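Here's a quick briefing to go with the model you're about to look at.

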Amino acid sequence: MSSYRRFAMNVQHEVSLLVGEIQRLGSKNADGQTCVKFGVLFNDDRCANIFEALVGTLRAAKRKKIIAFEGELLLQGVHDNVDITLLQE
């Protein structure tokens, strides 16, 4: 298996783990979608142990239209109150 394919499978696995963590930490919004604040996700001990690069996983999930959030890049502190919304459950 090529290293690119192994990397793509790993990204897909991390995105699926991310969905589970958003479901665990988030709550339903008015539209019935699960949302979580970036700061909650970033500061969670379990997430810190799962994701080597949380921001990269978030960007990959956004590109795949699995989640949505404002802006391109989320930074700890500055973007702690930004909502991350799960588009696919």
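For the charge count, Lys and Arg are positive and Asp and Glu negative, while His and the chain ends are not counted. A charge is placed at NZ of Lys, CZ of Arg, CG of Asp or CD of Glu. On that basis the protein carries 11 positive and 11 negative side chains, with the centres of the two sets 9 Å apart.

A word on ground rules: this is a predicted model, where local features need pLDDT of at least 70 and side-chain atom pairs count only at pLDDT 80 or more, whereas totals for chains, interfaces and linings use all residues. Residues are numbered from 1 along each chain as its sequence is written, and side-chain values use heavy atoms, with hydrogens and water left out.

**Fold and overall shape**
- The protein has four helices and four strands (DSSP runs numbered from the N terminus: H or I of at least four residues for helices, E of at least two for strands).
- Starting at the N terminus, the order is α-β-β-α-α-α-β-β.
- With a radius of gyration of 13 Å against the 12 Å that the globule rule gives for 89 residues, the protein is as compact as a globular protein of that length (C-alpha atoms for the radius; 2.2 Å times the number of residues to the power 0.38 for the rule).
- Along the principal axes, the C-alpha atoms fill a box of roughly 45 × 25 × 25 Å.

**Core**
- Of the 89 residues, 31% are buried (under 20% relative accessible area; over 50% is exposed and in between is partly exposed, with a 1.4 Å probe and protein chains only).
- The largest nonpolar core has 20 residues, and Leu18, Ile22, Leu41, Leu58, Ile67 and Ile84 have the most contacts inside it (a core being buried Ala, Val, Leu, Ile, Met, Phe, Trp, Tyr and Cys joined through side-chain atoms within 4.5 Å).
- At least two residues of this core come from each of α1 (3–25), α2 (38–43), α4 (54–63) and β4 (83–86).
- Beyond its neighbours within four places in sequence, Ile84 is in contact (heavy atoms within 4.5 Å) with residues including Ile22, Phe38, Leu58 and Ile67.

**Loops**
- Val78 sits in the loop between β3 (67–68) and β4, and is exposed at a relative accessible area of 63%.
- C-alpha to C-alpha, Val78 and Val19 are 23 Å apart in space and 59 residues apart in sequence.
- Lys65, in the loop between α4 and β3, has a positive phi near 60 degrees.
- Most residues other than glycine have a negative phi.
- Lys65 is also exposed, at 59% relative accessibility.
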